[in-house]
Amino acid sequence: MPVITPFRRSPRPSDDAPDDPDTPAAAGPAPLENLRTRLAHWRSWRTRHPRAALVVRRVTTAFSAILVLGSLLLPNTLVALEPNRFARIPGEAVVAAVLLLCLPRVPRLVAAALFGTALGALTVLNLLDMGFTEYLGRSFNLVLDWGLLDDAQSFVADAMGGAAATWAAVGAVVLAVLLLVLMALAAVRLGELLAAHRERAARGALMAATVWMTSAALGVQTFGVPLATTSASKAARAQAHRVVDTLRDEAAFAKEAKADRFGGRSGDQLVPDLRGKDMIFTFIESYGRSAIEDPVMAPGVGRTLDASTASLAKAGFHARSGWLTSATYGGSSWLGHSTFLSGLWVDNQQRYRTVTSGDHLTLTKAFEKTGDWDTVGVMPGVQKAWPEADWYGLDKVYDAFDVGYRGPKFSWSTMPDQYALEAFQRLEHGRKRDRPLMAEVILTSSHQPWAPIPRMVGWDEVGDGSVYDGIEASGVKASDIITDSTRSKEEYGRSIQYSVTSLTQWLERYGTDDTVLVFLGDHQPLARVSGDGASRDVPVSIVAKDPKVLDAIDDWNWTEGLEPAKDAPVWRMSAFRDRFLTAYGSVPHPTKG
């Protein structure tokens, strides 16, 4: 008989048996099904808890309205950030409401999302404007200023530490993304609310439009500001005009930079009256007019300038001082340096890139072009490649890593000014040489946030900088003063006193009968220190032993000593190069653009 195999039913998997990952059932529900499940759960929650759901809806709607209206009314400067600015009717809100009421659902959703995203982007730009106006005295430039954000992070790292800088950068990015997303969702939420109550919303929009137009026509004000406003549209137009103006300026400046009043002059005809002199051009970071005239800083800085003038006079040096209006404010020192030395108004990054990529004659390069000077730069703030050295006409550049410093950083400044000057003396100025020296020296100890500040030590004690370890450790912390305007002013004033003292003591100690020093500030400190509406003026001084050097600028009518009088002449910083070259025997020979 045949063997019959009994039918065996496959065992049913128990609930505890592991799922087979290769089977479709183990893959779980599709993402769309997940979303539907969650929406269904949310709807059932609203049904089970109607009062709580109503509160959530109203809070969400109120938050959306506050977010949108607040963004439409947000100013772009901290000075204007006052409560009365938000007690107005934005015309853009009225127009947007009418438009959304007229659209069918899908176009309405798209239009609301785009409007919200654009409003979020404008809010980000307004916040950037606030920061740039506070620190640099100008608005953010969409074309030119993105690279400065990296500099801002580096400054925060130097002032507050690397972790703080990282978190600040992450926080800024997250905030920007959140503003874009939340503003789009808020606009969609309000658009759907208008559509759900179309009749009442239409009446409300009509009333708001009537009130807005009447207020605009009659100049009605609330709390001292116009009730009707289109500030958001004006801000957007200003950003657009700034972009257009920047692109136009780029082409115009490129042509201007090619023309040079002294560009065709041969080297032997440049600065003949300074032959044999050691020329030192020195920039003191953030040394502005406020340091000399502000009631908080002026007493200490004034005493230092008076004492330094007297000490220099005992050593045989005399000075003349005036004012220059800087092309920059609060930061971007390289714009001030290039403006002063090129004779061109270099007030933005595009202009800087244009002029430094050309062959426009700089004041420092004029000395190199003669072939009668060795030319060097001492740049303690430079910590990466600096190709601009060729444009400046510097044969040798000492950056932060070339001067043998082994001490601590002082916030942003890589080393104290006294050390930088002593290193300059050791490496270049004190060496025996066949030709005189022309040097550009950048002093950085007065760079914000002005904490901690170095102290003077004996010049013979400077060594490799290790002497500054205890000074840095015991100094004021940046976090203690960075939000305090009065303390920032006090510490800023002390930093200027330190920088001026370092420079003048160096000149007393190491200067010779043939040393000529030109020193100036590159720009004013930020508005928190210099004050709202402060000028862009900086002091400039020429110091020498040889009376012929100062006699050559008698017709400039500058003030005797290191402190310029309030009514001393004020020139644009770009005017100095040509006046200086002319005063010391150079005859113009223009090249055309």
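Here are some friendly notes on this predicted model, point by point.

1. Staying with α7, have a look at how its residues face. Ala201, Ala205 and Ser215 are buried. They cover an arc of only 100° around the axis, which puts them on the same side of α7. Glu199, Leu206, Met207, Met213, Ala217 and Leu218 are exposed on the other side of the helix. As background, an α-helix has 3.6 residues a turn, so residues three or four places apart point the same way. Just after α7 comes Gly219, with a positive phi of about 70°.

2. The nonpolar packing deserves a moment too. The largest nonpolar core holds 50 residues, of which Phe340, Ile542, Phe576 and Phe580 touch the most other members.

3. Ser290 sits in helix α9, residues 289-293. Its relative accessible area is 8%, under the 20% cut-off, so Ser290 counts as buried. Leaving aside residues up to four places away in sequence, Ser290 touches Met297, Gln524, Ser530 and Ala534.

4. How many cavities of 30 Å³ or more does the structure hold? There is 1, and the largest cavity has a volume of about 40 Å³. Its lining includes Phe410, Ser411, Trp412 and Ser413, along with Thr444, His447 and Trp450. Pro449 and Pro452 are also among the lining residues, and both come up again in the next point.

5. One runs from Gln448 to Pro449, with omega near 15°. The other joins Ala451 and Pro452, with omega of about -10°. Pro449 is placed in the loop between β9 (437-443) and α16 (469-473), and Pro452 is found in the loop between β9 and α16 as well.

6. Finally, please check two non-glycine residues with positive phi. Ser332, at about 55°, is in the loop between β6 (318-325) and α11 (333-342). Asn557, with phi near 60°, lies in the loop between α20 (547-551) and β12 (559-560). Is each one buried or exposed? Ser332 is buried, with a relative accessible area of 10%, whereas Asn557 is exposed, at 57%.

Conventions:
Residues are numbered from 1 along each chain as its sequence is written. This is a predicted model: local features need pLDDT of at least 70, side-chain atom pairs count only at pLDDT 80 or more; totals for chains, interfaces and linings use all residues. Side-chain values use heavy atoms; hydrogens and water are left out. Helices (H or I, at least four residues) and strands (E, at least two) are DSSP runs, numbered from the N terminus. Buried means under 20% relative accessible area, exposed over 50%, partly exposed in between (1.4 Å probe, protein chains only). Contact means heavy atoms within 4.5 Å. A nonpolar core is a set of buried Ala, Val, Leu, Ile, Met, Phe, Trp, Tyr and Cys residues joined through side-chain atoms within 4.5 Å. The arc is that of the directions from the helix axis to the C-beta atoms. On a 1 Å grid over the protein atoms alone, a cavity is a set of points where a 1.4 Å probe fits but cannot get out, and a pocket is an open set with protein on both sides within 12 Å along at least five of seven lines; lining residues have an atom within 4 Å of a point. Grid points are joined across faces, edges and corners, and a volume is the space filled by probe spheres set on the points.
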